[in-house]
Amino acid sequence: MDDQTRNALIGIPVATAIGALVAWAGSDGSVEVGSIPVFALCGALAYVVNWLAFIPSNVAKTEKYYDLTGSITYITITLVAVLLSGELDARAWVVAGMVAVWAGRLGTFLFRRVLREGRDSRFDEIKVSPLRFFMTWTLQGLWVLLTAAAALAIITSTEREGFGWVAVIGAAIWLFGFTIEVIADREKSEFKKDPSNEGRFIKSGLWAWSRHPNYFGEITLWTGIAVMAIPILSGWRWVVLISPIFVAVLITRISGVPMLEKKADERWGGEEDYERYKEKTPVLIPRPPSTQE
């Protein structure tokens, strides 16, 4: 047994166990259906949707529906939470809308990108191993649950609070992050569409302020939702504030920035223009180009 297979054997139960613990903690103060907390039900559903999607994807050895499934999972658990949580307040409705808009926009964007490019190179080696491929779908279930934890806490809470100043601040933070992510993704898409940019890297627009402005936007928007959750948190539910922390760690240490930085270094490393761009442009947190000298 090779190391990657061994890691998958360990990773699957660990990812499932972590999700179970977060679901348990988030269920403290959750509306219940029968004797089952709605938060826990949504947590389990996050895994089930991805495990079901894994079956045809594994048969076809394709990753084309991976990102789309992730977005569908967000929308599904949010819809279930809304339908099963009784009468919602303004905070819950706004957060549900935020998650749905973000997931629908990003899922469509990523799905179109993988269809246009034909594949996602991250899965080239993984999808040929059913066990490793299954682990990626399990991890996506965990990703959805941890990322959406604060939103689920708001929607499923038995405690309702008015849409006060904390909620307004959180919503403003979310809108700021969402706007940055949308603009950054659009700028990069337009850049790639231009044949004259073949083999070049983007360094204009928001990409002159940060090497990964889209990721900065994503971390920011989930931070906004976590801020909105603060007034209704108590007991074990404080655990759901892991949401923006998890997103930040995932993006900056595991699957986002490190992978793209490595890929860029392999492609443009040593080129004067690229090395100057790296030296003057922050990795994540935007800084005006005029202050980078």
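Asn-214 sits in helix H7, which covers residues 213-229. This is a predicted model, and I will go through that residue, its helix, and then a pocket.

Is Asn-214 buried or exposed? Its relative accessibility is 13%, and the cut-off for buried is under 20%, so Asn-214 counts as buried. As for what surrounds Asn-214, I leave out neighbours within four places in sequence; the contacts are then Glu-181, Ala-184, Asp-185 and Trp-207.

Now the helix as a whole. H7 has 17 residues, and 16 of them are buried, so the helix is largely enclosed by the rest of the structure. The length is a simple check. At 1.5 Å a residue, H7 should span 24 Å. The C-alpha atoms at its ends are 25 Å apart, which agrees with that figure.

Next, the second largest pocket. Its volume is about 270 Å³. Which helices each supply at least two residues of its lining? They are H4, residues 90-117, and H6, residues 165-193. H6 gives the largest share, with six residues.

In terms of class, the lining has seven charged residues, two polar and two nonpolar. Among the lining residues are Arg-105, Arg-112, Arg-116, Arg-186, Glu-190 and Lys-193. Thr-108, Ser-189, Phe-109 and Val-182 are also part of the lining.

Terms used
Residues are numbered from 1 along each chain as its sequence is written. This is a predicted model: local features need pLDDT of at least 70, side-chain atom pairs count only at pLDDT 80 or more; totals for chains, interfaces and linings use all residues. Side-chain values use heavy atoms; hydrogens and water are left out. On a 1 Å grid over the protein atoms alone, a cavity is a set of points where a 1.4 Å probe fits but cannot get out, and a pocket is an open set with protein on both sides within 12 Å along at least five of seven lines; lining residues have an atom within 4 Å of a point. Grid points are joined across faces, edges and corners, and a volume is the space filled by probe spheres set on the points. Helices (H or I, at least four residues) and strands (E, at least two) are DSSP runs, numbered from the N terminus. Ala, Val, Leu, Ile, Met, Phe, Trp, Tyr, Cys and Pro count as nonpolar, Asp, Glu, Lys and Arg as charged, and the others, Gly among them, as polar. Buried means under 20% relative accessible area, exposed over 50%, partly exposed in between (1.4 Å probe, protein chains only). Contact means heavy atoms within 4.5 Å. The expected span of a helix is 1.5 Å times one less than its number of residues.
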